[in-house]
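Open the model in your viewer and keep the sequence panel at hand. We will go from stop to stop, selecting a few residues each time.

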Amino acid sequence: MKALELTAPSSFSLIEAAKPVPARDEVLIRVACCGICGSDVHGMDNSSGRRIPPMIMGHEASGVIDALGSDVAAWNIGQRVSFDSMVYCGKCSFCQRGETNLCEERQVMGVSCQEFKRDGAFAEWVVVPARILEAIPDGLSFEEAAFTEPLAVALHAVRLAKVKPGQTALVVGSGLIGLLVIQALKRAGCQKVVAVDLDRDRLALALELGADEIFHATEEKFTEEVDVAMEVVGASVTVNLAIQSVRKGGRVILVGNVVAQVDFPLQAVVTREIQVLGSCAAAGECGEALEAIASGEIKVKPLISAVVPLEEGSDYFQRSREGKEGLLKVLLKP
Ligand SMILES: [Zn+2]
Ligand SMILES: [Zn+2]
């Protein structure tokens, strides 16, 4: 089969790979499309240690079931599906509590690290454990369904924020996940959502997608206090902005992590009794994500920058890396 391989750090080739064979608990999916994730773009140079070449990336996909492992009874050939990126064991204490994103044995689709390697969906076919599949509702396109995983990440973060109707929220970072978080906050009943970014185009899109106010991070100063701040960048300046912006007793959800360490305003957090929580991936929100897209509550079409054949994948990875064009989601079609 045709596959886009990360052959060496930051270097791709279109290769002829062996078509994967599903294990007993897996299905074979004919990939319709697969999104390029920010973690793929950051990880392609192998600086994260999570994309050790040679490997096939891609964990935001949709497609059609083409073959079933011998133990798979709940799915049929021909069904349209997408899937979670997190492959959990279903047996450990975390999985038993429903915290599948924290599974002791967790693996991630399209990731290759010291502990495991799982080829992803930048290929004509991919194998996926049946337990992470989600059926695509009728009428929803494969392109929209490819947002299952990134939207589930946003929904998980908003779930941890425990927003109540009428509350106010700040979203620091209006990239792809930030724009989904903004919509998820409004869907959860937030009365006012304020978006912060450095990019005017992204702020304009944030307004279009439901943000009530926008702030340019370096040109304007945010002086209000909100109930909840969502940090979707992961750097010292942005983490500090999120913490400074919440009221006493407010909640800060940390989603972004572009750097491993940040300056932390310990005294402000303690004396103002601010709750700071990390949010990792998703734990059971994929079905909700598909429903929210299908019902129109969450709009993903405005986030699609390009839908291109797998052959152009290498080019789009380099362009995403350069970051000059403001690309949001690029979908590759094998
Ligand atoms: Zn992703
Ligand atoms: Zn587990």
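## A guided tour

Helices (H or I, at least four residues) and strands (E, at least two) are DSSP runs, numbered from the N terminus. You are looking at a predicted model, in which local features need pLDDT of at least 70, side-chain atom pairs count only at pLDDT 80 or more, and totals for chains, interfaces and linings use all residues. Residues are numbered from 1 along each chain as its sequence is written, while chains are lettered from A and ligands numbered from 1 in the order in which they are written.

**Stop 1: helix H10**

Step back into H10 itself, residues 313-322, and select Gly 313, Tyr 316, Phe 317 and Ser 320, which are buried. A residue is buried if 20 or more other C-beta atoms lie within 10 Å of its own, exposed if 12 or fewer, and partly exposed in between, with C-beta atoms placed from the backbone. The four cover an arc of only 105° around the axis, so they sit on the same side of H10. That arc is taken from the directions from the helix axis to the C-beta atoms. Now turn to the other side of H10, where Asp 315 and Glu 322 are exposed.

Next, pick Ser 11 in strand E2. Ser 11 counts as partly exposed because it has 15 C-beta neighbours inside 10 Å. Draw a C-alpha to C-alpha distance from Ser 11 to Gln 318: they are 9.1 Å apart in space but 307 residues apart in sequence.

**Stop 2: helices H4 and H5**

Select H4 (residues 148-161) and H5 (residues 176-187), which pack at an angle of about 55° with their axes 9 Å apart. Axes are lines fitted to C-alpha atoms, for helices over the stretch in contact, and angles run from 0 to 180 degrees between N-to-C directions. H4 and H5 are therefore oblique to each other; angles under 35 degrees count as roughly parallel, over 145 as roughly antiparallel, 65 to 115 as roughly perpendicular and the rest as oblique. On the H4 side, the contact includes Pro 150, Leu 151 and Val 153, and on the H5 side it includes Leu 176, Ile 177 and Leu 180.

**Stop 3: helix H6**

Move on to H6 (residues 200-208), where Arg 202, Leu 203, Leu 205 and Ala 206 are buried. On the other side of H6, look for Arg 200, Asp 201 and Glu 208, which are exposed. The cover over the buried residues includes H5, strand E13 (192-197) and strand E14 (213-216). After H6 comes Gly 210, with a positive phi near 125°.

**Stop 4: backbone details in loops**

Most residues other than glycine have a negative phi, and most peptide bonds are trans. With that in mind, select Pro 53 and Pro 54, joined by a cis peptide bond with omega about 0°. Pro 54 is in the loop between H1 and strand E4 (61-68).

Asn 46 lies in the loop between H1 and E4, and has a positive phi of about 65° although it is not a glycine. Finish at Glu 273, in the loop between helix H8 (266-271) and strand E17 (275-278), where phi is positive and near 45°.

Conventions. Contact = placed C-beta atoms within 7 Å.
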